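Please walk me through this structure. Begin with the chain as a whole, then pick one residue and look at its surroundings.

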Amino acid sequence: MSVSLRIGIIGGGGWLGGAIAGSILDSGLVDPQNLCLSHRGDQPLRFPDSFWTKDNQELAGRSDVILLSIRPDDWRWLAVDASGKLVISVMAGIRLSALSERHKTSRVVRALPNAAAEVAKSYTPWIGASSITRDDRAVVRAILETCGSEDEVARESDIDYLTGLTGSGPAFPALLAAAMMRDAVARGLPAELARRAVNTVISGAGRLLERRDECPDDVVQTFLDYRGTTAAAIEGMRAAGFDISVAHGLSAAFKKSVSMGDAS
């Protein structure tokens with residue numbers, strides 16, 4: 001990929017936009033001077049060699065590829081003409097058709113990176129409009145791979161489902177960790193010790209799954225077959241409704257994503 005590519009990130013001063021910007025620069029995909037970022041408040045101190053602006057239309061004029069990294073509610077007021085340019089939205093819910101109409105370009109993509117983009121460990125599903133080119137796909141993959149791994153999906157509804165499964169994904173281990181830590185503290189462990197124990201368990205489990213690349217069901221079954229303390233814990237959690245709670249949560253996220261698109 002040519003370092004002459006010019007990338008603009010609307011919302012580059014935010015958490016996700018800044019994480020994507022950092023990953024792009026760390027990878028060397030573009031030179032800092034070819035990265036443009038917009039912000040609403042005081043200019044952030046990050047990326048001092050890149051171009052910062054409060055004018056989103058100015059950003060569009062300076063960019064070949066425009067990433068939209070803002071809240072869907074804020075997007076409803078964003079009037080940026082990106083005629084003929086490649087636009088990549090990382091907003092939940094907003095449909096390809098709405099992006100194309102609003103920004104006056106048929107070259108639109110929906111992508112859903114997650115918070116792990118900050119450490120280049122995001123999983124990012126994406127889908128492009130039928131008119132995007134082979135070169136556009138190569139650019140999308142190059143950008144998203146700086147944040148972790150990516151997959152192009154076949155249907156826009158897949159993005160709506162994956163909004164919960166992977167877009168929200170880092171929140172779920174954190175939710176489990178928070179519940180584990182509360183239980184540990186309730187049992188009398190010091191909070192600092194409980195935090196360190198739980199965070200290490202969660203991060204270690206992620207690395208183990210990544211390295212072994214096994215089906216999670218097979219890992220769970222291995223523990224169940226051993227019939228030890230872990231099996232007792234798994235069976236207790238499932239009896240209390242663990243699996244159905246996860247399914248309910250993912251269903252709620254899917255419905256929210258669809259409703260956000262309907263409202264756009």
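The chain exposes about 14,400 Å². Carbon and sulfur atoms supply 56% of that area. Keep in mind throughout that this is a predicted model.

Along the principal axes, the C-alpha atoms fill a box of roughly 60 × 35 × 30 Å. The chain holds 11 helices and 8 strands. It has 264 residues, and 39% of them count as buried.

Charge comes next. There are 29 positive and 32 negative side chains. The centres of the two sets lie 3 Å apart.

Now zoom in on one residue, Thr 53. Where is Thr 53 found? It belongs to strand 3, which covers residues 51–53. Is Thr 53 buried or exposed? Its relative accessible area is 6%. The cut-off for buried is under 20%, so Thr 53 is buried.

What surrounds Thr 53? Leave aside residues up to four places away in sequence.

The side chain of Thr 53 reaches the backbone nitrogen of Asp 55 at 2.9 Å.

Notes:
Residues numbered from 1 in each chain as written. Predicted model: local features only at pLDDT ≥ 70, side-chain atom pairs only at ≥ 80, totals over all residues. Heavy atoms only, no water. Helix = DSSP H or I, 4+ residues; strand = E, 2+ residues; numbered from the N terminus. Buried < 20%, exposed > 50% of the residue type's maximum accessible area, 1.4 Å probe, protein only. Areas by Shrake-Rupley, 256 points an atom, 1.4 Å probe, with all protein chains shown as cover. Lys, Arg positive; Asp, Glu negative; His and termini not counted. Charge placed at Lys NZ, Arg CZ, Asp CG, Glu CD. Polar contact = N/O pair within 3.5 Å; in protein donor to acceptor, adjacent residues only side chain to side chain. Contact = heavy atoms within 4.5 Å.
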